[in-house]
Amino acid sequence: MKAEQQSLFELHPAPWEEDDAREQFVATLVFATGPAQVFDYLVPPGLRDRIVAGQRVRAPFGKGDRLVTGYCVRLENRLAGNRRLKPLDSIIDDRSLLSPAMLRLTEWMADYYLCAWGQVLEAVVPAGVRGQAGTRQTQFVSLPNHVAARLASLKFTPIQKRILDVLAGQTAPVAIGHLARAARCTPASIHTLHKKGLLVFQSRRVDAGELDALPAHPREEHLTLNADQQRALAAILSGLESRKHQTVLVHGVTGSGKTEVYIQAIQEVLRFGRQAIVLVPEISLTPQTEARFRSRFGDVALLHSHLTDAQRRRHWEQIADGRVSLVVGARSAIFAPTPNLGIIVLDEEHESSFKQDSAPRYNARDVALERARAEKIPLVLGSATPSLESWQRAQSGQFRLISLPSRVNDRPLPSVATIDLRNAYRDRRSRGAISRQLYLAMDATLKDEGQIILLLNRRGYSTHIQCPACGMVLECPHCAIALTHHWQQQIALCHYCDYQVKAPAVCPECSFEGIRYAGFGTQRLEAEVRARFPQHTCLRMDTDAMQKPGSHAAAFDRFRAGEVRILVGTQMIAKGLDFPNVTLVGVINADTALHLPDFRAAERTFQLVTQVAGRTGRGDRGGRVLVQTFSPDHPAIAAAVRHDYDAFAAVELPIRESLGYPPFGSMVRLVVRGPAEVTTGQFADEVARLLRTTLDKAQCTARILGPAPAPIAKLRGHFRFQIQIQASDGPSLRQAVRTATTELKPPAEVLWMADIDPLDML
Ligand code: ADP
Ligand code: ZN
C-alpha cells in the first residue's frame with residue numbers, strides 16, 4: 001500500500017509538492033515611495049531575458065494589486081517556498097540605472113542615514129534619467145521576410161509600392177518619420193499597410209536632440225611638479241596598481257598646487273583606461289574651473305545645478321556608456337554611473353555644501369569614502385583648512401596625510417594683520433564699516449593699480465531694524481529671525497522664508513519716528529565704498545546681485561579684466577578664485593559666525609578667514625590681508641592670521657574631545673516641528689523619553705541634550721525643538737535612533753527628522 005502511494009506521488013506530484021521542487025526566478029524590489037522594506041516577486045517567463053538588476057519595474061501591490069513602481073535590486077533563482085509570489089507586471093527601463101556597486105552603495109546610505117532605500121534610489125538617479133527627458137517614443141517600421149517573399153502576388157497603390165520599396169532595401173527598422181519622408185507619403189499610408197498586417201511596428205525611445213558635442217582639444221601643458229607635489233602624486237598613485245583603497249588627505253595652503261596634483265593623478269588613472277570623479281563645492285563650478293579641466297582633458301562632463309533634465313540625462317548616459325572619462329560636479333556627482341571608476345577627488349573637502357540638507361541627508365565626502373572603499377580605488381581629499389573630522393582621521397592613521405606647506409614658485413603667503421574694531425569704534429572718525437586703517441590701505445592699493453576684495457558675510461543693507469524708543473526689533477512673523485533691510489527695494493526681508501514688508505518709516509509698535517536701521521550688510525558696504533571711492537568701479541557679488549544665470553561668470557570676467565577695481569561680496573567671493581592682481585583683501589567683520597550657537601563656530605571662522613586670505617598674493621606683486629574683528633585674540637582668528645592650521649587644530653581638538661563632539665563622537669540631531677507650540681513640544685518630550693529608554697536598553701552610553709527650542713525656534717510658521725545625541729559608538733547610536741523612531745506616531749501636522757552627522761546646528 002505504502003509503495004503504491006509513493007509511486008503514485010512520483011507520477012502525479014501534488015501541487016504543493018510540485019512548487020517545492022521547482023525553482024523560481026525571483027526579483028527583489030524596493031519601492032520608490034511607501035514601505036521601507038523589500039518585496040519579492042516572481043519574474044514571469046516573458047520578462048526573464050530582459051530583466052536586469054537596477055531596472056525599474058511595475059508590480060502589483062497591496063490588496064487591490066495597484067501597479068506601483070519599484071527598483072529591482074536583486075535577481076535570483078530560488079526554490080519555491082510556501083508563499084505564493086505575485087508576478088511582476090512589466091519592465092520600465094531599457095537599461096539598468098544602477099550597477100551592483102551603486103545598489104550596494106545606496107543600501108549602505110539608507111542604513112547609515114536612517115532613511116528608506118527607495119528614497120535614496122530616487123535621489124541618486126536624476127529625475128531626467130528616470131523621466132527619460134529629451135527622448136521621444138518613436139515607432140520603427142520593418143518588413144517581415146515572409147511578407148517580402150509574397151509581395152509580387154499582391155496589388156498595391158503607387159504610394160504603397162513606394163513604401164514597400166523603401167523598406168525592402170533596409171537591413172534595420174526605419175523610424176516612421178524617416179520612412180514617410182523617403183516614400184513621400186503621410187504616416188497614415190504607412191498605418192494602413194500596418195493594419196493589413198504587412199508591416200511590423202516596434203516602439204523605441206530615441207534621443208530627441210543631438211548629443212552634446214564634446215569639445216576634444218586638450219592642451220598638453222605638462223607642468224613639472226615641485227618636490228612636495230611629487231610626494232603627493234606618488235602617495236595618491238601608490239595604491240593604484242595594487243588596487244587597494246586608500247584615502248589621501250592633501251593639506252595644502254592656498255596656491256600650493258593641489259589642483260595640479262589632482263590633474264596629473266587623474267591623467268595617470270585615465271591612462272589605465274579608467275574614469276575619474278572630481279567633486280567641488282557648487283560655488284567652485286565657475287567657468288575658471290571648467291576651463292582648467294577642459295584645457296587638460298578632452299571629454300569632461302560638467303554637472304552643475306543649471307543643467308536641464310535632458311542635458312543631465314545625456315551626460316548620465318555618456319558616463320554610463322564609458323564615453324566620458326572625467327566627471328566634474330557638485331555633491332550629487334558622487335553618484336555618477338561610471339562603470340570603471342579609478343579615482344575620486346574631493347576638493348575643498350571641509351565645505352558644508354557637500355552635505356545635502358534634505359533627505360537623504362548624506363555627506364558626499366562620507367559617501368565618497370564608502371564608494372572608494374568598495375571599488376578599491378584611491379580617494380583624494382584636498383583643503384587648505386581640512387575639516388577636523390578628516391584631520392583627526394589623518395592623525396589616527398586612517399587617512400594618509402600629505403602636506404603642501406608652501407605656495408608654488410616660493411610665492412610668499414600674504415601677510416595678515418588684524419584691525420581691532422574695539423579701538424576703531426572708540427575712534428569717532430570711523431562711522432562706517434570700513435575702519436580708518438582699512439581705508440588707508442585701500443587708498444594705497446588703488447593708487448598702486450592693485451585690485452581689492454572686501455568680504456562681508458551678510459546680505460542686505462542693514463541686518464536689523466530696531467526702535468531706539470521701545471526696543472522693538474522687526475522680526476519675521478513666521479520665523480524667529482530679525483528682518484534684513486534691503487535698501488534698493490525699500491523692503492524688510494526674511495532671509496529664511498523670503499517674507500517681506502515695506503520698510504517702516506516709524507516704529508510699528510510705538511510710532512516713534514527715529515527708527516534705526518542698524519548693522520552692516522553687503523549693500524550698505526557697497527554704498528559706503530562707492531561714496532568713499534567714487535572714482536573707482538565697485539561690484540557687489542551676493543545671492544541678491546547674482547540671480548540671473550551667467551551673472552557670476554560676467555562679474556568675474558569684469559573683475560579679471562581690471563574693469564572693476566573693488567569686489568564686495570559674501571562668502572561667494574571667498575573661495576577658489578585666482579586673481580593675480582588682487583593685492584589687498586579686507587575682512588569687514590571676522591566675528592559674524594564666531595558667536596553662533598554651533599560647536600563648529602570657531603572652525604568656520606578659521607576656515608573663512610584663511611580662505612579669503614588665500615585670494616591675494618597669487619601674482620608676482622604679493623598681497624596683504626586686513627581682518628577687522630572685535631576679538632583679535634580668539635584662537636581661531638589668531639591662528640588664521642598666522643596661516644597656522646596646526647595651531648588651530650591643537651587648540652580646538654581638545655575642546656571637542658572634552659565635550660564629546662565630532663570628531664571624537666558621533667552625533668545625531670533630531671528636529672521636531674509643528675504649527676502648534678505645545679503639541680510639538682510634547683511630542684519632542686516623548687521622542688526624547690523613547691530615545692533615553694532605547695539607548696539604556698542597548699547599553700549605549702550617550703549624551704542627550706534637549707529637547708530644547710532650536711536656535712531658530714520658529715521657521716516658516718513652524719515651532720522647532722531639537723534633541724542632540726552624542727555617543728562614541730556611532731553604529732550603536734544610529735541603531736538605537738532607528739529602533740526608537742520606527743514606531744513614532746507624531747500628532748497631526750507634527751513632523752520630525754533625524755540628521756546623522758549634522759553640519760547645520762541652527
Ligand atoms: P591650489 O589648488 O592649491 O590653490 P593650484 O593648483 O591652483 O593651487 O596652483 C596655483 C597656481 O600655480 C596655478 O596657476 C597653477 O597653474 C600653478 N602651478 C601649480 N603647480 C605648478 C608647478 N609645478 N609649476 C608651475 N606652476 C604651477
Ligand atoms: Zn521668515
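The paragraphs below take up the domains and then the cavities.

This is a predicted model, in which local features need pLDDT of at least 70, side-chain atom pairs count only at pLDDT 80 or more, and totals for chains, interfaces and linings use all residues. Residues are numbered from 1 along each chain as its sequence is written.

The domain assignment, whose bounds come from an automatic or database source, divides the protein into domain 1 (2-96), domain 2 (135-207), domain 3 (227-410), domain 4 (415-458 + 520-654) and domain 5 (666-756). Between the C-alpha centres of domain 2 and domain 3 the distance is 50 Å.

A cavity here is a set of points, on a 1 Å grid over the protein atoms alone, where a 1.4 Å probe fits but cannot get out; its lining residues have an atom within 4 Å of a point. Grid points are joined across faces, edges and corners, and a volume is the space filled by probe spheres set on the points. The structure has two cavities of 30 Å³ or more.

The largest cavity holds about 60 Å³ of space. Its lining consists of L455, L456, N457, V587, N589, A590, T592, A593, T605, L608 and V609. Helix α20 (residues 601-613) gives the largest share of this lining, three residues; helices are DSSP runs of H or I with at least four residues, numbered from the N terminus. By class, the lining has seven nonpolar, four polar and no charged residues, where Ala, Val, Leu, Ile, Met, Phe, Trp, Tyr, Cys and Pro count as nonpolar, Asp, Glu, Lys and Arg as charged, and the others, Gly among them, as polar.

The second largest cavity has about 40 Å³. L97, L98, M102, V124, V125, P126, W316, F335 and P337 line the second largest cavity, and these comprise nine nonpolar, no polar and no charged residues.

How values were computed: Chains are lettered from A and ligands numbered from 1 in the order in which they are written. Side-chain values use heavy atoms; hydrogens and water are left out. On a 1 Å grid over the protein atoms alone, a cavity is a set of points where a 1.4 Å probe fits but cannot get out, and a pocket is an open set with protein on both sides within 12 Å along at least five of seven lines; lining residues have an atom within 4 Å of a point. Helices (H or I, at least four residues) and strands (E, at least two) are DSSP runs, numbered from the N terminus.
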